Amino acid sequence: MYNGARLIRVFDVPEYSGRTPVNMSHPPRRSGVKVKPLPVELDGLACERDERELFASLSLRLEPGEVLQVAGPNGSGKTSLLRIMAGLLPPSAGDMRYGGNSVYHGAGREDWRRQRLYIGHAPAIKGALTAEENLAWLCALSSPVGTEQIWQALEQVGLRGFEDVPCHNLSAGQKRRVALARLYLEQHPVWILDEPFTAIDKAGVTALENHIMAHAQQGGMVIMTTHHGLDHLPGVRCLDLGQAN
Amino acid sequence: MRRIIWLLFCREWRLAWRRPGDLLNPLVFFALVVSLFPLAVGPEPSMLRAMAPGVIWVAALLATLLSLDGLFRSDYEDGSLEQWVLSPHPLELMVLVKVLHHWMVSGLAMVLLAPLFGMMLALPASVLPVLVLTLLLGTPILSLLGAVGAALTVGLKSGGVLLALLILPLYIPVLILGTGAMDAALQGMPVIGFMLWLGCLAVLAITLAPFAIAAGLRIGVSE
Amino acid sequence: MKWTFFHKLGSPKWFYDISGRWLPWFAAASVLLLAVGSVWGLFFAPQDYQQGNSFRIIYIHVPAAFVAQSCYIMLAVAGVVSLVWRMKLADVALKCAAPIGAWMTFVALLTGAIWGKPTWGTYWVWDARLTSMLILLFLYFGVIALGQAISNRDTAAKATAVLAIVGTVNIPIIKYSVNWWNTLHQPATFKLTEKPAMPVEMWLPLLLMVLGFYALFTVSLFMRMRLEVLQREHKTRWVREALEKMS
């Protein structure tokens with residue numbers, strides 16, 4: 001499925017630097033194979049919405065294993081940047097490269113499509129479906145996973161016993177947790193997360209932070225926006241869109 | 001590829017099944033519009049018979065349009081569409097499956113109910129198979145074309161009237177062919193030509209409409 | 001894909017300069033053609049042997065209908081250019097051409113109805129051509145309404161582009177089905193156009209009028225587009241310089 005020439009390695013059981021996630025009864029099982037991400041380069045990226053320039057000539061290079069926090073005041077274009085990087089929004093100028101190839105055509109586009117995971121503001125959770133059905137479908141959009149894995153992932157995010165509950169019965173924080181359970185299921189090496197901590201309680205935030213750091217330590221790449229401070233985490237790069245302009 | 005089609009089909013079934021009211025509403029609307037006409041023009045059977053093809057087709061047109069308005073909106077609002085667009089699977093195929101599923105739960109029911117209304121509108125029994133067949137060929141076209149409009153208006157809060165404005169002119173050929181076939185059948189003339197034309201348009205719609213729908217959704221999601 | 005060439009071709013400044021140079025010529029051509037054509041058509045062309053003087057309305061009706069139809073196809077072409085090459089100027093052209101096309105359709109419908117009164121005895125007959133024009137008017141309304149309903153400018157441009165393309169694919173189907181519906185229900189006795197062997201003195205002024213209408217369409221399209229380009233680019237230096245030069 002993946003390009004054979006790329007480096008492939010098996011992930012170990014992630015080591016959590018902080019406290020263990022809530023409701024974790026046994027260590028997570030990782031059977032999947034992950035592709036090591038390639039460097040991501042933004043080259044003179046610009047975004048214009050209705051004649052208003054949100055940012056322009058934004059260039060940076062992200063290496064595997066890095067966590068990038070996109071910061072800035074409301075309306076500074078954080079979400080737009082993430083949507084451009086995910087491929088939902090075309091930039092008004094500039095290019096983005098993944099492993100040296102532009103993500104807008106050819107091999108670069110295919111690689112990027114398969115290797116980045118985007119979880120936006122709207123968590124893509126259907127109220128009429130149960131947590132398990134939601135996750136089964138969302139994962140099937142890239143590669144299908146088994147029921148067993150889904151139950152384990154739900155346990156990781158503290159939703160044990162909620163597998164068969166229709167999601168409209170869940171609270172906003174619980175819905176967000178269902179969406180974030182994808183981070184424990186899917187094999188994408190690059191995560192693009194828009195405000196992942198919204199509506200999540202303290203213990204959940206800590207567990208998620210640990211999971212993000214573990215992902216980075218194993219060579220994964222995380223690009224995220226959050227109003228929640230990440231200063232206490234080591235090695236998080238920060239891109240302030242408010243200052244960049 | 002086959003797997004994702006199957007999974008999508010199951011997902012759509014589950015969603016439809018858990019909210020049966022949404023399925024029933026267009027059907028009730030269809031029945032209601034058809035019943036309005038005898039009340040408006042009188043129960044004279046000869047008059048009803050002359051009007052029946054037009055009434056049934058216009059009611060089917062409006063009911064399809066009404067049911068399509070929300071086709072993509074809930075997926076758009078909860079972020080599901082973003083995930084569809086980002087998926088490595090072709091969006092065109094996924095929307096085709098979704099629209100065909102929608103047709104199976106709404107259009108097909110209308111086709112099956114149509115003979116009943118045909119009888120209520122004093123159509124002779126010999127014409128009813130033609131009615132079913134034209135609707136069977138025509139309603140998928142209505143669903144696919146309407147889905148293009150639904151995709152283009154997906155980001156708008158109140159798309160209903162706008163959707164009708166965009167799509168009803170495009171429905172005209174189907175309306176003409178469908179009612180033409182009925183009129184021909186009523187006069188005892190052959191209808192095979194109409195059927196072939198409707199079949200032609202159905203093939204054309206199945207081939208081309210998914211691209212327009214997918215393009216519309218990509219545009220809507222990029223807002 | 002190399003977009004640089006197209007970007008240069010579609011650059012607003014380039015368009016503003018070129019259209020400014022061409023505009024007077026098109027304006028002069030349209031005035032000249034329309035003046036000669038209408039005087040010739042209305043005063044010197046011979047009467048129609050069946051319809052008398054009332055046929056003279058074709059000198060407005062036919063050119064308006066021509067422009068209305070080709071304008072919709074132009075919308076689709078602009079739509080393709082906008083979607084495939086992401087040329088901003090095509091967005092501008094699409095947005096600016098739609099209302100002109102709608103007005104042309106309206107003029108064609110109005111003149112058709114006026115002609116209908118002395119010929120058929122009623123203002124509206126479900127004639128195939130008139131019905132097609134009515135549907136075309138609805139298609140234009142759709143494009144304009146969609147463009148106005150979507151608040152984001154780029155999204156609106158792309159959505160209208162898709163709609164115009166879908167509409168253009170459907171136009172032949174609509175046209176043939178309406179023609180055929182018409183022959184099925186009531187064979188028209190009089191046709192506004194399609195006269196057997198129109199004499200040269202009749203169709204030559206018509207040709208001038210058609211060309212004149214196209215020139216007029218180009219002039220109004222350019223003027224609208226220039227205004228739109230100035231509005232969109234109002235922050236850039238060349239617009240400020242151009243405006244200073246004007247005042």
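Which residues does B:Thr153 touch, not counting residues up to four places away in sequence? Taking contact to mean heavy atoms within 4.5 Å, B:Thr153 touches B:Arg73, B:Gly159, B:Leu162, B:Leu163, B:Leu166 and, in another chain, C:Leu146. This is a predicted model, in which local features need pLDDT of at least 70 and side-chain atom pairs count only at pLDDT 80 or more, while totals for chains, interfaces and linings use all residues. Residues are numbered from 1 along each chain as its sequence is written, chains are lettered from A and ligands numbered from 1 in the order in which they are written, and side-chain values use heavy atoms, with hydrogens and water left out.

The place of B:Thr153 is in the loop between helix H7 (128-152) and H8 of chain B, where helices (H or I, at least four residues) and strands (E, at least two) are DSSP runs numbered from the N terminus. B:Thr153 has a relative accessible area of 0% and is therefore buried, a term that means under 20% relative accessible area, with exposed meaning over 50% and partly exposed in between (1.4 Å probe, protein chains only).

Two packed helices are described by the angle between their axes and the distance between the axes; here axes are lines fitted to C-alpha atoms, for helices over the stretch in contact, and angles run from 0 to 180 degrees between N-to-C directions. Helix H7(B) and helix H9(B) (residues 192-221) have axes that come within 8 Å and cross at roughly 20°, so the two are roughly parallel to each other; angles under 35 degrees count as roughly parallel, over 145 as roughly antiparallel, 65 to 115 as roughly perpendicular and the rest as oblique. The contact is made by residues including B:Leu133, B:Leu137 and B:Ile141 of H7(B) and B:Leu198, B:Ala202 and B:Ala205 of H9(B). Its residues divide into 19 nonpolar, four polar and no charged, where Ala, Val, Leu, Ile, Met, Phe, Trp, Tyr, Cys and Pro count as nonpolar, Asp, Glu, Lys and Arg as charged, and the others, Gly among them, as polar.

Helix H8(B) (residues 160-186), in turn, packs with helix H3(B) (residues 45-68) at an angle of about 150°, their axes 9 Å apart, and H3(B) and H8(B) are therefore roughly antiparallel to each other. Their crossing is right-handed, and the residues of the contact divide into 16 nonpolar, four polar and two charged.

Chain C, which supplies C:Leu146 to the surroundings of B:Thr153, has eight helices and zero strands. Its C-alpha trace spans about 60 × 40 × 30 Å along its principal axes, and buried residues make up 49% of its 247 residues. Of the contacts in chain C with a separation of 6 or more, 81% are accounted for by residues 24 or more positions apart.

Chain A contains sheets, in which two strands pair if DSSP finds at least two bridges between them. An open sheet of five strands has the order S8-S9-S10-S5-S11, with parallel pairing. Strands S8 and S11 (236-240) stand at the edges, each with a single partner strand, so one side of each is left without a neighbour in the sheet. The twist averages 15° from one strand to the next. Within this sheet, strand S9(A) (residues 190-194) is joined by four bridges to S8(A) (residues 116-119) and by five bridges to S10(A) (residues 221-225). A:Ile119 stands opposite A:Leu193, and A:Asp194 stands opposite A:Thr225. In a regular strand the side chains alternate between the two faces of the sheet. Both faces of S9(A) are covered, with A:Val190, A:Ile192 and A:Asp194 buried on one side and A:Trp191 and A:Leu193 buried on the other.

A further open sheet of chain A has four strands in the order S4-S3-S6-S7, with antiparallel pairing. Helix H1(A) (residues 78-86) lies across S3, S4 and S6, running at about 125° to S3(A).

Conventions: Left-handed = near helix turned anticlockwise from the far one by under 90°.
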